[in-house]
Amino acid sequence: MASHLDLEEQEQLDQLKAFWKRWGNLITWVLTAVLAAFAAWQGWNWYQRDQAAKAAAMYDEFDRAYNAQDLDKAAAAAGDLQARYAGTAYAAQAGLQVAKLQLDKEKADDARKALAWVAEHGSEGPYRDIARLRLAGLQIDAKAFDEAGKTLDAIKSPEFTALVADRRGDALLLQDKRDAAKAEYQKALAGLEKTQDYRRIVEAKLATLGVPAAVETTGAAQ
């Protein structure tokens, strides 16, 4: 009986050796690749957390300067964030905020540059589109209508469709293209919820073009 078992075990061992000889290298490579991918994933997660923590600490420095309305320190901190941690949300947030501070301090050229950076390098689509919307407004103020049009064309987030139309209306009105401006404002109004306060601003713009607010609101609801 023992001899029979020994023979059976030997056959199984021989089969295992044959299997491993044929497939061993492949199995080893697959396991190595899986383990390497897992290690890389773990390492990437750690790196992301580390970057976010360092960016958050630097953003705190920016936030203090921003709240103190210290433009020089705020701009320097925002620049450091963009240089070291461009891929984080903190860099985009700082870019949007420093642009507002620069505009408040009558530094429109610097504000345009800050918004252009976020529009190009912002970590997420909504940040980029907010920057483009604000940048287009500054370009319209500077009568750079072609540039503003290109900036608005780059906005893809559907939630900004109404505001893009409103901006286009502003640009067209400043170029004395009243009918085209009215069409864009009507598009903007149709895209805004009835509860949104901004509707009143668009209605006021339409009123200057001879479209009564009550008539336009009724038309949008139909």
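Residues 24 or more positions apart account for 49% of the contacts in the chain with a separation of 6 or more, where contact means heavy atoms within 4.5 Å. This is a predicted model: local features need pLDDT of at least 70, side-chain atom pairs count only at pLDDT 80 or more, and totals for chains, interfaces and linings use all residues. Residues are numbered from 1 along each chain as its sequence is written, and side-chain values use heavy atoms, with hydrogens and water left out.

## Exercise 1: Overview

Task: state how many helices and strands the chain has, and what its mean pLDDT is.

Solution. 
- Step 1. Count the elements: 10 helices and 0 strands. Helices (H or I, at least four residues) and strands (E, at least two) are DSSP runs, numbered from the N terminus.
- Step 2. Write the order from the N terminus: α-α-α-α-α-α-α-α-α-α.
- Step 3. Check confidence. pLDDT is the predictor's confidence in each residue, from 0 to 100. Its mean over the chain is 84, and 76% of the residues reach 70 or more. Over residues 215-222 the pLDDT is below 50, and this stretch has 8 contacts in the model beyond near neighbours in sequence.
- Step 4. Take the burial. Of the 222 residues in the chain, 33% are buried. Buried means under 20% relative accessible area, exposed over 50%, partly exposed in between (1.4 Å probe, protein chains only).

## Exercise 2: Asp129

Task: decide whether Asp129 is buried or exposed, and list which residues it contacts beyond four places in sequence.

Solution. 
- Step 1. Locate the residue: Asp129 sits in helix H5 (residues 125-141).
- Step 2. Apply the cut-off. Asp129 has a relative accessible area of 3%, so it is buried.
- Step 3. List the partners. Leaving aside neighbours within four places in sequence, Asp129 is in contact with Ala154, Ile155, Lys156, Ser157 and Phe160.

## Exercise 3: Aromatic rings

Task: find how many aromatic pairs there are, and classify the pair of Tyr59 and Tyr90.

Solution. 
- Step 1. Set the rule. Rings of Phe, Tyr and Trp (its six-membered ring) pair if their centres lie within 6.5 Å; planes under 30 degrees apart count as stacked, over 60 as edge-to-face and the rest as tilted.
- Step 2. Count: the rule gives 3 aromatic pairs.
- Step 3. Classify. The ring centres of Tyr59 and Tyr90 are 5.5 Å apart and the planes are at 45°, so this pair is tilted.
- Step 4. Tyr59 is in helix H1 (residues 2-67) and Tyr90 in helix H3 (residues 89-104), 31 residues apart, so the pair links distant parts of the chain.
- Step 5. Tyr59 is buried at 12%. Tyr90 is partly exposed at 28%.
- Step 6. Join the pairs: Tyr59, Phe62, Tyr66 and Tyr90 form a cluster linked by ring pairs.

## Exercise 4: Helix packing

Task: describe how H7 packs against H6 and against helix H8.

Solution. 
- Step 1. Two packed helices are described by the angle between their axes and the distance between the axes. Axes are lines fitted to C-alpha atoms, for helices over the stretch in contact, and angles run from 0 to 180 degrees between N-to-C directions.
- Step 2. Take H6 (residues 145-153) and H7 (residues 161-174). Their axes are 11 Å apart, at an angle of about 170°.
- Step 3. Name the class. Angles under 35 degrees count as roughly parallel, over 145 as roughly antiparallel, 65 to 115 as roughly perpendicular and the rest as oblique. H6 and H7 are therefore roughly antiparallel.
- Step 4. List the interface. Phe145, Gly149, Leu152 and Asp153 in H6 meet Val164, Arg167, Arg168, Ala171 and Leu174 in H7. Asp153 is partly exposed at 44% relative accessibility.
- Step 5. The axes come within 8 Å and cross at roughly 160°. H7 and H8 are therefore roughly antiparallel.
- Step 6. Inspect one residue. Leu173 is found in H7 and is partly exposed at 28%. Its contacts, leaving aside neighbours within four places, are Arg178, Ala181, Tyr185 and Leu209.

## Exercise 5: Positive phi

Task: state where Gln69 and Glu106 lie, and give the phi of Gln69 and of Glu106.

Solution. 
- Step 1. Recall the background: most residues other than glycine have a negative phi.
- Step 2. Gln69 lies in the loop between H1 and helix H2 (71-84). Its phi is near 60°, a positive value.
- Step 3. Glu106 lies in the loop between H3 and helix H4 (108-121). Its phi is positive, about 65°.
- Step 4. Gln69 is partly exposed at 37%, whereas Glu106 is exposed at 74%.
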